[in-house]
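Here is a friendly tour of one model, meant to be read with the structure open beside you. Please keep the viewer handy and follow along.

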Amino acid sequence: MARRIDVTGTDGVRLAAWEFGDPPKTDPAQDGPDAGDGHGGRTGAGGCPGVLLLHGLMGRASHWAPTARWLSGRYRAVALDQRGHGRSDKPPQGAFTRDAYVDDAEAALEQLGLAPVVLIGHAMGALTAWQLAARRPDLVRGLIICDMRASALGAASQREWAQWFESWPLPFATLADVRKWFGEDDPWVERPNPARGEFYAEVMTESPDGWRPVFEPEQMLRSRETWVYDAHWEELAQVRCPALVVRGLDGELGRAEAQEMVRVLPRGQYAEVADAGHLVHYDQPEAWRAAIEPFLDSLGAD
């Protein structure tokens with residue numbers, strides 16, 4: 001089951017939010033008059049506690065579906081297609097800035113009635129999550145950062161990404177070709193990784209000449225250039241709620257930097273997932289759940 005809820009982001013951009021499982025039932029006698037969100041769900045304040053899941057660059061809400069279904073036993077878990085991604089708007093001249101992504105997430109929280117929320121973000125979505133937590137501590141009661149660096153990545157990284165996009169053999173003739181290229185043939189793949197192939201198959205759509213990404217690569221580069229040149233330690237230090245930094249042992253976030261992030265966070269904790277790369281929650285879903293469950297338990301239901 002996947003239920004779509006349209007929300008309006010900054011500048012009127014239409015965003016698609018998704019529930020992949022039924023939220024837990026609550027006692028109607030304990031629900032306040034604002035417990036309904038206008039869409040048949042429960043709010044974070046009046047019903048069950050809320051979770052907002054934010055995917056990374058080039059991702060989509062469906063990448064969170066297994067996590068969201070698992071969470072739905074105790075939370076109202078909503079995954080957001082961020083601007084330029086999934087089923088959300090991709091305005092050609094739209095803003096793909098850090099502020100726009102953070103503003104969108106804030107608008108989604110308020111329109112969905114999820115606050116005070118647990119934010120769970122992967123990669124770029126994790127940066128959005130901790131920047132929102134720093135800006136609006138009243139809206140966020142817990143934060144999970146999945147494999148995102150706080151240090152600046154620099155111009156060389158941006159050039160590498162531009163060259164990587166140019167190397168994609170578009171269009172792909174079949175989804176099997178997508179899975180094979182991203183899982184085996186992509187020069188960025190060190191060893192065969194079927195999960196990576198499946199991850200990218202989810203962000204492809206069929207066009208008259210074959211399979212192409214649902215996003216515009218140029219928009220992805222525009223988005224990325226708004227954060228790769230800067231370090232983001234200052235915002236980490238401003239996060240007041242409990243925060244968990246999770247890394248895959250073979251991911252992009254090194255152990256030393258992850259532990260420094262934990263030190264900088266006022267209430268930081270650390271976890272790592274073995275045999276996982278950058279796509280931690282997608283590579284090793286069971287180990288990912290085991291890594292974050294104790295942290296979620298520590299937050300309680302209130």
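What follows covers the cores, a central strand, a helix, and some backbone details.

This is a predicted model, in which local features need pLDDT of at least 70 and side-chain atom pairs count only at pLDDT 80 or more, while totals for chains, interfaces and linings use all residues. Residues are numbered from 1 along each chain as its sequence is written, and side-chain values use heavy atoms, with hydrogens and water left out.

**The nonpolar cores**

- The largest nonpolar core has 69 residues, and Met 58, Trp 130, Leu 143 and Ile 145 are the members that touch the most others. A nonpolar core here is a set of buried Ala, Val, Leu, Ile, Met, Phe, Trp, Tyr and Cys residues joined through side-chain atoms within 4.5 Å. Buried means under 20% relative accessible area, with exposed over 50% and partly exposed in between (1.4 Å probe, protein chains only).
- Helix H3 (residues 124–135) supplies the largest share of this core, eight residues. Helices (H or I, at least four residues) and strands (E, at least two) are DSSP runs, numbered from the N terminus.
- There is also a second, separate core of 29 residues, with Tyr 75, Ile 144, Ile 292 and Leu 299 among them.

- Why does Met 58 count as buried? Its relative accessibility is 1%, so Met 58 falls into the buried class.
- Met 58 has a positive phi of about 75 degrees although it is not a glycine.
- Leaving aside neighbours within four places in sequence, the contacts of Met 58 (heavy atoms within 4.5 Å) are His 85, Trp 161, Trp 164, Phe 165, Trp 168, Tyr 200, Val 203, Phe 215 and Met 220.
- Gly 59 is buried, with a relative accessible area of 2%. Not counting residues up to four places away in sequence, Gly 59 touches His 85, Gly 86, Phe 199 and Val 203.
- Between Gly 59 and Ser 88 there are 12 Å in space, C-alpha to C-alpha, for a separation of 29 residues in sequence.

- How many of the six residues of E5 are buried? Six of its six are, and the strand is mostly covered.
- Val 117, Leu 119 and Gly 121 point one way from E5, while Val 118, Ile 120 and His 122 point the other way, and all are buried.
- E5 pairs with E3 in the parallel sense over five bridges, and Val 51 stands opposite Val 118 in E5. Strands count as paired if DSSP finds at least two bridges between them.
- E5 also runs parallel to E6, joined by six bridges, with Val 117 opposite Val 140 in E6.
- The chain crosses from E5 through H3 to E6 in a right-handed β-α-β crossover: with the strands pointing away from the viewer, the path from the first strand over the helix to the second runs clockwise.
- Leu 143 lies in strand E6 and, at 0% relative accessibility, counts as buried. The residues Leu 143 touches, not counting those up to four places away in sequence, include Leu 119, Trp 130, Cys 241 and Phe 295.

**Helix H11**

- The 15 residues of H11 (residues 285–299) should span 21 Å at 1.5 Å a residue, and the end C-alpha atoms are 21 Å apart, which agrees. The expected span is 1.5 Å times one less than the number of residues.
- A kink of about 30 degrees lies at Glu 293, shortly before the proline Pro 294. The bend is the angle between axes fitted to the seven residues ending at a residue and the seven starting there.
- Buried residues of H11 are Trp 288, Ala 291, Ile 292, Phe 295, Leu 296 and Leu 299. Their cover includes helix H1 (65–71), strand E5 (117–122) and strand E6 (140–146).
- Just after H11, Gly 300 takes a positive phi of about 75 degrees.

**Other backbone details**

- The Ala 115 to Pro 116 peptide bond is cis, with omega near -5 degrees; Pro 116 is in the loop between helix H2 (98–112) and E5.
- A cis peptide bond also leads from Leu 170 to Pro 171, with omega near -10 degrees.
- Ala 123, in the loop between E5 and H3, has a positive phi of about 55 degrees although it is not a glycine.
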